[in-house]
Amino acid sequence: MFEFLTHSRLPPLTDPHKTIVVTGVGVVSPYGIGLDSMQAGMLSGKSCLEPAKDDVYPGFTGTIAQVRALPPLEEYSNPQYSRTDQLAVMAAQDAMASSGCDRSALLDAGIVMASTLGGLTEIDTSIAKDPAAWYRRPGGLLRAASYPFAHVADAVGEHFGIRGPRCAISVACASGAMAIALAANMLLDGAAPIVLAGGCDPLCPFTVSGFNSLQALDPNPCTPFDQNRKGLNLGEGSAVLILETLAAATARNANVLAVLRGWAMTNDAFHPTAPQKEGSGLADCIRLSMEMAEVTGDDIGYVNAHGTGTPLNDSAEAQAYETAFRGRKLPIPISSTKSYFGHCLGAAGALEAAITIMAIRAGALIPTLRLATPIETPAVDWLRGEVKRQPLPLAMSASSGFGGSNTVLIFESGQA
Amino acid sequence: MTSRLPSVTITGIGSVSPHGPLAGLIPSAPLEPTVISAWTTPGPRRAFLVPPFRPADVVPGVKTRRLDRLSVWALVASSLAIKDAGIDLNQVDRSRVAVVFATAFGCVELTEAFYLSAAANGWNGTDPITFPETLASAPTSHVAMFHQLRGPNITVSNKYFSGESAMIQAASLLRHGQADLAIVLAGDALARTLYSWYEEANLLSPACLNSDPVPEAGGFIPSEGVAALVMESSTRPSTRSYARINSSRWSSGGQPAGGISQMLGSSMPSFIICSGNGAPCATSPTAALAREIAGDGAIVVEPKSLAQGLAGTGALFHLILGLSSKPGSQPIGKEALFLATARDNGFAAMLLELP
């Protein structure tokens with residue numbers, strides 16, 4: 001099986017104890033629950049973006065993507081669960097189902113869950129005026145208990161009785177991808193035999209208002225990497241990957257969905273909200289991830305970009321790709337799948353990791369929707385129009401966030 | 001499972017605590033809670049509060065206008081730790097420096113302010129400058145920006161072991177060559193909503209409400225501050241070492257004694273620094289477990305009240321205070337155990353080598 005994973009063009013993976021593989025993918029997205037529903041929706045070109053119609057807060061009339069069809073919540077009825085927790089638990093359950101792992105196999109698993117919101121969904125503005133009165137409301141103290149973002153990891157751990165090392169991270173919009181990178185480090189450390197890692201964030205007045213105040217939102221469906229882009233749309237969702245070493249996966253005869261071949265994390269150290277203009281932090285991150293993966297730019301078949309649709313992000317990100325893939329024989333195929341269901345903040349990096357794995361497995365280069373006049377970047381083949389079908393042994397997912405954090409993940413097909 | 005990998009060294013310490021901003025170890029001077037004046041309380045309310053200070057007096061050139069106090073303290077504590085480690089950042093490849101910050105509640109003061117602006121002006125009238133500063137990761141990114149640190153920049157949290165989690169994640173980055181140096185921080189700031197939550201949940205010590213600072217009869221005295229460590233994978237010439245982390249193990253349940261014994265292997269530390277958060281039941285079980293593991297002859301440093309009130313992010317303070325109280329007269333050997341436990345049998349343990 002080990003040789004089976006080694007693609008002829010790529011350097012061989014030499015140590016099954018140091019090779020990190022993905023054996024489960026769980027998704028809750030505006031397409032529904034599961035990778036299959038997301039794949040069917042995206043490959044058919046369906047956009048989940050729609051007018052808000054006062055769904056988020058009265059007076060907000062922008063464009064959003066919602067997870068509408070949550071399953072019956074009996075299983076998730078713990079009064080301490082925020083909507084963020086519910087999304088996380090559902091995605092973790094879906095990941096466990098996809099991996100064929102029963103709960104006993106996950107008893108000592110590690111958990112790294114990301115969220116930018118935590119339990120802010122359960123709190124309203126009146127708490128700031130009179131906190132004591134807010135806590136005295138029925139269920140007030142219980143709802144407050146879900147506020148710390150650590151609660152998301154606890155909800156997953158406690159719901160499934162998982163007792164390995166556990167932490168949550170919050171690194172703005174790079175959170176979900178960084179959770180996966182840190183989970184991989186935990187496996188290399190031997191801190192846990194298997195790790196559930198991902199991100200979750202729901203729509204919430206707090207964040208929608210915040211991005212609206214920053215004038216970062218496009219009132220219409222967003223157009224990432226278009227010269228006439230006007231901003232982002234917010235979405236919601238959750239994704240959880242099950243990661244383990246190849247040796248462990250082989251020992252339990254698990255189905256390897258993908259190899260996490262490389263990962264890297266950097267920071268721009270530039271500005272609280274704006275990316276460094278030339279995208280140097282992201283370019284460094286791409287270079288470091290390729291060094292770890294022992295691959296070159298020519299080996300990467302597709303990049304799932306951060307691609308928010310904001311003027312500043314997309315121009316800096318395009319510059320980063322121009323720098324990182326300079327010298328490549330052919331322009332690098334890149335798209336932003338935020339054009340399908342918006343920016344899911346702390347979930348985005350994990351959802352896009354799932355999409356990247358899906359692209360590899362389906363052999364599908366997924367285009368950016370509504371991309372009419374792409375940014376002029378010679379090193380990049382901005383994917384638009386129809387889905388391109390071709391074998392895709394190696395693909396990259398790039399994430400960036402407020403505060404300058406960048407994370408890049410490189411996935412390789414689990415099948416030669 | 002145990003991580004027994006190449007060791008990393010703690011070479012610098014900085015803190016902003018109720019003792020004020022300090023580089024290096026914290027003197028074991030007694031401290032009494034002070035009366036809260038930053039917001040209106042139903043009567044006198046006390047906590048271990050960071051005394052007001054001008055950040056630029058401690059860190060020349062630092063600009064902190066419109067930042068949450070948590071971000072300000074992170075900037076100051078990180079600067080003091082770097083100075084204490086004797087590091088000239090101009091001689092360091094800053095793309096190889098990581099920042100790992102642990103917080104339970106993030107920038108809760110500015111989160112309150114954002115809610116207040118929404119209450120006053122509606123959600124369509126909130127403040128665009130405040131919003132990005134409400135992110136839990138804002139202090140971490142400010143540390144990176146101020147010191148121009150371009151390595152991994154991570155904000156972590158864990159209900160009981162946030163500080164330990166940050167140390168373990170940072171050690172992992174160093175061991176895997178993803179950074180050469182890491183600034184590890186942990187802390188939280190007290191705000192009105194937080195204090196009110198503790199009070200409504202009956203978690204506060206009577207010492208918070210009475211002028212007489214009674215020894216804690218249940219409950220805890222909330223605290224605030226940020227502690228910082230510099231951790232390095234290889235020791236520079238003539239670098240001081242506060243401690244080396246030789247192995248670690250953490251879990252959310254199971255059998256703590258067995259797991260920790262497995263981590264220790266043949267090591268038998270006789271100096272144990274206990275960590276623990278503010279929950280009333282958190283303190284004595286940790287010390288009891290420490291004695292169960294190391295025997296009655298071991299010197300066990302109980303969690304210090306100053307840091308007990310930091311929910312889950314007090315670990316770095318507990319470690320610093322423990323190292324500060326290391327007995328000079330008694331032989332304690334070269335090995336120490338840094339230990340924390342939680343109600344659900346979770347634990348975090350690190351085997352330290354002392355200089």
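Chain A is divided into domain 1 (20-251) and domain 2 (261-411), the bounds coming from an automatic or database domain assignment. The model is a predicted one, in which local features need pLDDT of at least 70, side-chain atom pairs count only at pLDDT 80 or more, and totals for chains, interfaces and linings use all residues. Residues are numbered from 1 along each chain as its sequence is written, while chains are lettered from A and ligands numbered from 1 in the order in which they are written.

The C-alpha centres of domain 1 of chain A and domain 2 of chain A are 21 Å apart. Their contact takes 59 residues from domain 1 of chain A and 52 residues from domain 2 of chain A, two residues being in contact if their C-beta atoms, placed from the backbone, lie within 7 Å. Among the elements that give two or more residues to the side of domain 1 of chain A that touches domain 2 of chain A are strand E1 (20-29), helix H1 (35-43), helix H7 (175-189) and strand E7 (194-201) of chain A. Helices (H or I, at least four residues) and strands (E, at least two) are DSSP runs, numbered from the N terminus. H7(A) gives the most to this side, with eight residues. By class, the side of domain 1 of chain A that touches domain 2 of chain A has 34 nonpolar, 20 polar and five charged residues; Ala, Val, Leu, Ile, Met, Phe, Trp, Tyr, Cys and Pro count as nonpolar, Asp, Glu, Lys and Arg as charged, and the others, Gly among them, as polar.

H7(A) has 15 residues and reaches 21 Å from its first C-alpha to its last, close to the 21 Å expected at 1.5 Å a residue, where the expected span is 1.5 Å times one less than the number of residues. Of the 15 residues of H7(A), 14 are buried. A residue is buried if 20 or more other C-beta atoms lie within 10 Å of its own, exposed if 12 or fewer, and partly exposed in between, with C-beta atoms placed from the backbone. A:Gly190, which follows H7(A), has a positive phi, near 75°.

A:Cys200 is found in strand E7 of chain A. This residue is buried because 39 other C-beta atoms lie within 10 Å. Leaving aside neighbours within four places in sequence, A:Cys200 is in contact with residues including A:Thr84, A:Met113, A:Ser238 and A:Gly346. The C-alpha atoms of A:Cys200 and A:His343, 143 residues apart along the chain, are separated by 11 Å.

An open sheet of three strands in chain A has the order E3-E4-E8, with mixed pairing; two strands pair if DSSP finds at least two bridges between them. Its edge strands, E3 (50-51) and E8 of chain A, each pair on one side only. E3(A) and E4(A) run antiparallel and are joined by two bridges, and A:Glu50 has A:Ile64 as its bridge partner in E4(A).

In chain B, the assignment gives domain 1 (8-232) and domain 2 (243-353), with 22 Å between their centres, taken over C-alpha atoms. Their contact takes 40 residues from domain 1 of chain B and 30 residues from domain 2 of chain B.

Between the chains, 58 residues of chain A are in contact with 55 residues of chain B. The side of chain A that touches chain B has 31 nonpolar, 20 polar and seven charged residues. Strand E6 (residues 166-169) of chain A pairs with strand E6 (residues 153-157) of chain B in the antiparallel sense over two bridges, and B:Ser157 in E6(B) is the bridge partner of A:Ala168.
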